[in-house]
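Subject: The structure I promised you

Hi there,

Here is the structure we talked about. Please open it beside this email and follow along as you read.

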Amino acid sequence: MLFNGVRAAAIQGRGKITVLGGREEREQTMAVSLRESVQRVSDPRNLDASVEEVFRLMLGIECKRDAGPANAESESVTAVVGFGGMLSGACVFRSGARTALKIAAQMTGMEFETVDDTVKDGIGEICNMLAGGWKGKVPELAANCGLSVPAVITGRDYNLHVQAPEFQLHHIYRFDDQTFEVTIVCDGIQ
Amino acid sequence: MGEIRALIVDDSSVMRKIVERALRQAGLDQLVVHEAGSGAEGIEVLKSKPVDLILSDINMPIMDGLEFLRQIRAQNLAQGVPVVMITTESSEEHVKQAIQSGAQGYIRKPFTAEQVKERVLPLVRAA
């Protein structure tokens, strides 16, 4: 599975920062660089803080990073939000179907038996908030890195493969008896 | 507080429901909600239905929240109606763009019902 389409959407749609000045709009050139700050951008604590915040505030769930392995389920749900602009890459959320149903139930107050459109919508929105929260931890990224709208994939027995990223964070988190994975893939940084 | 007619614009139907729930928890129990999945749909709603409050996401397909704001001002829709942006984008630059485009409030996702109450109720009372 490749993320080029999602990343392209983020790059095309959100890569330019527009500043309104009176009636005129001008595009502001990205003058800052993150090239020297890869270590800061890839700090794993930023991802942990973002995940814990989203789950605590939106779901009322305390979840913690876990050594893994993630629960094995053949049916899984994957959401992808692309990054574009100063950093290109993607935020990927993946869980088993049972975990996705539980997260969607907690978000909406409804019960779900199958991964329907509402469940996919909810998981996509979780991924969107994780991506936004993660980039928001680094001020240069918050202002100069855009997000694509989420794409959600469901299916059985598939694998994700990323070709030689600049850096990658892959963490497993646990709440109750459920696990999920969040991956930040960076394949380009200015 | 009497009946409040709110337009909630977000491409996520789940998020629209969460925002509605937060508004009710904030004390807007006599709430009439209109929903739109994009800025373009929001414009259509505003052409046919009067509202007292608008809450909008920024990152949406078809027409994003900032363009939605510019369009409703350009078309003189919803004059005097407070607009609050609810979005994952949290930089000062995004807040500035939203305010310059006509928003009166800004809430970052993820949010609590208390934050919605603090930032929305004063605007509704003042309108």
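Let's start with a helix in chain B. On one side of α2(B), the residues Glu44(B), Lys47(B) and Ser48(B) are exposed, meaning that 12 or fewer other C-beta atoms lie within 10 Å of their own; a residue is buried at 20 or more and partly exposed in between, with C-beta atoms placed from the backbone. Helix α2 of chain B covers residues 39-48, and its buried residues are Gly39(B), Gly42(B) and Leu46(B). They lie on the same side of α2(B) because they cover an arc of only 50 degrees around the axis, where the arc is that of the directions from the helix axis to the C-beta atoms. Among what covers these buried residues are β1, β2, β3 (53-56) and α3 (65-74) of chain B. The helix and strand labels are DSSP runs numbered from the N terminus: helices are H or I with at least four residues, strands are E with at least two.

Before going on, a word on what you are looking at. This is a predicted model, in which local features need pLDDT of at least 70 and side-chain atom pairs count only at pLDDT 80 or more, while totals for chains, interfaces and linings use all residues. Residues are numbered from 1 along each chain as its sequence is written, and chains are lettered from A and ligands numbered from 1 in the order in which they are written.

How confident is the predictor? Chain A averages a pLDDT of 83, and 81% of its residues score at least 70; pLDDT is the predictor's confidence in each residue, from 0 to 100. Over residues 11-31 of chain A, pLDDT stays under 50, and the model has 30 contacts beyond four places in sequence for them. Two residues are in contact if their C-beta atoms, placed from the backbone, lie within 7 Å. Where pLDDT is low, the predicted coordinates should not be read in detail.

Staying with chain A, you will find six helices and nine strands. Of its 190 residues, 43% count as buried. Among its contacts between residues at least 6 apart in sequence, 68% join residues at least 24 apart.

Which strands does it pair with? (Two strands pair if DSSP finds at least two bridges between them.) β4(A) runs antiparallel to β7(A), residues 151-156, over six bridges, with Ala79(A) opposite Val152(A). It is also antiparallel to β5(A), residues 87-96, over eight bridges, and there Thr78(A) stands opposite Arg94(A). A hairpin through one residue joins β4(A) to β5(A). Three bridges link β4(A) to β6(A), residues 145-147, again antiparallel, and Gly85(A) has Cys145(A) as its bridge partner.

Why does Gly84(A) count as buried? Because it has 25 other C-beta atoms within 10 Å. Gly84(A) and Leu141(A) are 57 residues apart in sequence and 10.0 Å apart in space, C-alpha to C-alpha.

Now for where the chains touch. The contact takes 22 residues from chain A and 21 residues from chain B. On the chain A side, α5(A) gives the most, with nine residues. That side divides into 11 nonpolar, eight polar and three charged residues; Ala, Val, Leu, Ile, Met, Phe, Trp, Tyr, Cys and Pro count as nonpolar, Asp, Glu, Lys and Arg as charged, and the others, Gly among them, as polar.

Back in chain B, strands β1(B) (residues 4-9) and β2(B) (residues 31-36) pair in the parallel sense over six bridges. The chain crosses from β1(B) through helix α1(B), residues 13-25, to β2(B), in a right-handed β-α-β crossover: with the strands pointing away from the viewer, the path from the first strand over the helix to the second runs clockwise.

Finally, some backbone details. Most residues other than glycine have a negative phi, and most peptide bonds are trans. Lys109(B) and Pro110(B) are joined by a cis peptide bond, with omega about 0 degrees. Ile62(B), not a glycine, has a positive phi of about 70 degrees and sits in the loop between β3 and α3 of chain B. Asn76(B), also not a glycine, has a positive phi of about 55 degrees, and counts as exposed with 7 C-beta neighbours inside 10 Å.

Enjoy exploring!
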